[in-house]
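Subject: Structure handover

Hi,

Here is the structure I promised you. Please open it first, then read my notes below.

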Amino acid sequence: MGTMTIAKGINNGLRAAMERDPKVVLMGEDIGKLGGVFRVTDGLQKDFGEDRVIDTPLAEAGIVGTAIGMALRGYRPVVEIQFDGFIYPAFDHIVSQVAKMRARSLGKIKLPMVIRIPVGGGIGAVEHHSESNEAYFAHTAGLKVVCCSNAEDAYWMIQQAIESDDPVLFYEPKRRYWDKGEVDETAASRPLLEAQVVREGTDATLVAYGPMVKTCLQAAEAAAAEGKNLEVIDLRTLSPLDLDTVAASVEKTGRTVVVHEASTFLGMGAEIAAALQQRCFYHLEAPVLRVGGYNLPYPPSKLEEEFLPDLDRVLDAVDRSLAF
Amino acid sequence: MSDNAVASTGEKAGATPHEEEVLAELTAPVPEVGDGGPEMVQLLTPEGQRIENVEYDEYVKDLSDEDLRGFYRDLVLIRRVDAEATALQRQGELGIWASLLGQEAAQVGSGRAMRPQDYAFPTYREHGVAWCRGVDPLNLLGLFRGVNHGGWDPNEKNFHLYTIVIGAQTLHATGYAMGIQRDGDVGTGDEDRDAAVIAYFGDGATAQGDVNESFVYAAVNNAPVVFFCQNNQWAISEPNERQTRIPLYQRARGFGFPGVRVDGNDVLAVYAVTQQALNAARSGNGPTFIEAYTYRMGAHTTSDDPTKYRVSAEVEVWKHRDPIERLKSYLVHTQKADQDFFDAVEAEGDELAVTVREGCLNMPDPTPDSMFDHIYVEEHPVVEAERKEFAAYHAGFTTEGGH
Ligand SMILES: Cc1ncc(C[n+]2csc(CCOP(=O)(O)OP(=O)(O)O)c2C)c(N)n1
């Protein structure tokens with residue numbers, strides 16, 4: 001048991017996975033001596049050597065493409081993409097190759113690889129450093145997409161993603177990297193592909209993942225002061241979506257607000273709203289509402305506070321939901 | 001053109017002993033701290049001594065003393081802007097800054113070789129090129145301050161927006177050059193009409209698929225584009241040897257066009273080499289790859305900590321090759337400039353720094369609803385609906401007296 005940041009949780013998780021399995025290799029830009037631009041791989045090259053912690057050339061298609069080859073050869077590559085906005089050079093490999101190889105080989109081959117992507121805004125960065133692109137990948141069959149939101153999950157989920165025999169996109173909420181939490185490195189963790197109720201409530205359900213979980217917990221706290229009792233769900237897995245957990249909550253509260261940083265149009269919220277109205281139609285007291293980024297390119301950082309969902313926007317949506 | 005080292009690599013199996021040597025040399029790791037090797041074009045030594053170069057002297061012979069003083073002024077002023085921006089970042093006025101310290105000569109030499117109708121496609125560190133094109137430094141600061149994503153009109157000074165996704169702009173540059181070709185603005189012999197494009201990128205960028213694809217497109221189309229690589233030795237923490245096994249300029253040959261390595265800290269040499277390449281492009285002789293061999297004296301950006309991955313001895317070696325000191329020594333011992341001139345440039349730098357600082361501090365924040373502007377050319381119902389929703393939501397706060 002110990003307290004650590006999310007970044008350290010992932011670092012420790014990577015270390016544990018590498019110690020357990022010599023086939024686990026890390027690949028990415030600046031992940032060696034520098035330890036990655038967010039220092040998530042700090043110290044790993046020193047301890048595991050340059051053959052297992054590979055500083056790659058500055059080429060994302062190359063990173064993912066060669067990781068495919070290594071996986072085909074029996075390795076378990078864990079690649080780091082430096083920022084969300086730099087995944088696109090590798091997009092073709094991920095959606096056309098990584099996602100489809102298992103099906104194409106009729107199950108003869110597997111691609112146990114993890115693609116780590118720091119995601120989201122709120123850090124005052126220049127463009128291409130704050131994007132939420134999970135929906136592109138969740139939309140692609142053949143991939144698993146998960147997102148951690150706290151140190152405990154960071155530690156466990158990265159190891160489970162590495163152990164998965166399927167390719168996993170692993171999103172890390174970059175503005176929460178330095179948030180601390182308790183991590184029990186001995187206890188068994190919950191399954192990788194399971195959502196979690198992180199706060200119980202009765203009046204409405206907030207559904208979030210990654211960076212927005214904290215925002216929703218804060219919103220729930222603020223709402224409690226006004227006598228509203230909100231349940232908060234951390235999705236953890238975006239594909240496959242754990243709809244059972246969400247639906248159970250919605251059947252209890254009758255009201256749902258889905259919150260994410262990505263634009264709402266065709267985002268995760270759209271899928272969740274559609275699925276819930278199919279499944280829980282008679283339990284819903286109000287339409288499923290979405291709070292997300294506007295349908296705009298991510299704005300310059302001076303405007304990101306306006307763009308990103310904050311406490312107020314979440315609470316406003318809760319009020320609208322309760323007003324039905 | 002100095003691309004002779006790759007004359008004949010031959011088939012590996014049947015390689016003669018000489019070819020084996022050449023191969024061994026080509027595939028040897030690139031040294032971390034090199035001096036660029038004998039093939040590097042240089043017109044001024046680090047001590048400021050002018051050295052003759054039959055091929056390139058021609059391109060600098062018409063430079064007047066005033067031109068040379070102008071180069072010096074550019075170097076000093078852009079370094080000053082850079083220093084001020086770094087300071088502003090430290091004081092929280094900029095979110096981040098990518099310093100050009102050490103790369104001034106590569107940028108000023110190449111920037112000054114352009115004609116007004118030429119077009120530059122920069123990455124995010126080309127403050128010196130922007131300066132030569134007449135782009136107000138405050139425009140550059142706006143991006144790093146987070147008030148916009150670029151904001152200037154690229155067509156005003158033929159200086160495209162900064163591109164942060166590594167290497168993407170090399171394809172844009174090539175396509176633009178293909179447009180110039182189709183407009184017939186190549187090889188007419190009219191100095192005011194013939195145009196070329198120059199694409200800037202770093203040593204790390206040469207690993208990207210986009211950059212290699214741009215080489216292919218430029219070559220097969222004989223496009224009027226100059227690929228200007230500032231090899232500052234580092235791609236954040238990764239040295240050249242993590243990106244390439246042969247000197248970068250030698251790659252060009254494999255794509256079918258000439259490559260040349262120039263001392264990137266020698267403004268005269270960079271000017272000469274870029275002149276030659278731009279002339280070739282404008283006159284219809286296609287692309288050239290220029291590798292300006294230089295050094296990033298500072299951190300990659302203000303968020304970076306270079307002490308994690310490089311030794312200070314390396315920085316010391318390069319201090320000795322400072323581009324400004326080099327030109328200054330030359331101007332002094334050839335008596336092309338006197339102390340009054342240097343003092344005047346210094347004073348101008350002080351003034352410029354004040355303008356930059358004040359301009360930065362006075363830069364208005366964008367109004368919140370401006371994020372809905374300029375997304376589409378034509379009106380878009382979703383954007384307009386959200387703009388209204390946004391306005392109504394914020395109006396709610398004022399009537400409620402805040403949340
Ligand atoms: C596609 C992409 N991947 C990663 C990054 C993150 N990144 C920004 S600058 C940089 C290093 C660039 O090195 P180099 O091309 O040598 O140019 P320099 O900054 O040294 O001038 C990296 C990896 C990026 N901007 N774009």
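Start with residues 4–179 of chain A. This span is 36% helix and 18% strand. Its end C-alpha atoms are 8 Å apart. UniProt, in an unreviewed entry, lists these residues as "domain: Transketolase-like pyrimidine-binding". Please keep in mind throughout that this is a predicted model.

Now the contact between the chains. Chain B puts in 44 residues and chain A puts in 41 residues. The size of an interface is often given as the accessible area lost when the parts come together. Here, chain A and chain B bury about 3,500 Å² between them. Carbon and sulfur atoms account for 61% of that area.

On the polar side, 14 residue pairs are in polar contact between chain B and chain A, with both residues at pLDDT 80 or more. What supplies the side of chain B that touches chain A? Helices α6 (137–145) and α15 (381–400) of chain B each give at least two residues to it. The largest share comes from α15(B), with eight residues. By class, this side of chain B has 23 nonpolar, twelve polar and nine charged residues.

How many salt bridges run between chain B and chain A? The count is two. One of them joins the side chains of A:K302 and B:D365, at 3.8 Å from N to O. A salt bridge is counted here when the side-chain nitrogen and the carboxyl oxygen are within 4 Å, so the A:K302 to B:D365 pair qualifies.

Next, the ligand. Where does it sit? The ligand lies between chains A and B.

- B:I166: a polar backbone atom is 3.1 Å from a nitrogen atom of the ligand.
- B:D203: a polar side-chain atom lies 3.2 Å from an oxygen atom of the ligand.
- B:A205: a backbone N or O atom lies 2.9 Å from an oxygen atom of the ligand.

Over all chains, the structure holds 40 salt bridges. Among them is the pair A:E80 and A:R116, with the closest N and O atoms 3.0 Å apart. This pair links distant parts of the chain, as the two residues are 36 residues apart. A:E80 is in strand β4 (residues 76–80) of chain A, and A:R116 is in strand β5 (residues 114–119) of chain A.

Last, two backbone details in chain A. Is the peptide bond from A:S239 to A:P240 cis or trans? The bond is cis, with omega near 0°. A:P240 is found in the loop between β12 (237–239) and α9 (243–253) of chain A. The other detail is A:L106. Its phi is near 50°, a positive value in a residue other than glycine. A:L106 sits in the loop between α5 (101–104) and β5 of chain A.

Best wishes

Technical notes: Residues are numbered from 1 along each chain as its sequence is written. Chains are lettered from A and ligands numbered from 1 in the order in which they are written. This is a predicted model: local features need pLDDT of at least 70, side-chain atom pairs count only at pLDDT 80 or more; totals for chains, interfaces and linings use all residues. Side-chain values use heavy atoms; hydrogens and water are left out. Contact means heavy atoms within 4.5 Å. Buried area is the accessible area (1.4 Å probe) that two parts lose on being put together, summed over both. A polar contact is a pair of N or O atoms within 3.5 Å; within protein, one must be able to donate a hydrogen and the other to accept it, and residues adjacent in sequence count only if both atoms are side-chain atoms. Helices (H or I, at least four residues) and strands (E, at least two) are DSSP runs, numbered from the N terminus. Ala, Val, Leu, Ile, Met, Phe, Trp, Tyr, Cys and Pro count as nonpolar, Asp, Glu, Lys and Arg as charged, and the others, Gly among them, as polar. UniProt positions are given in the numbering used here, feature names are shortened, and annotations may be inferred rather than shown by experiment. A residue is near a molecule or strand if one of its heavy atoms lies within 4 Å of it.
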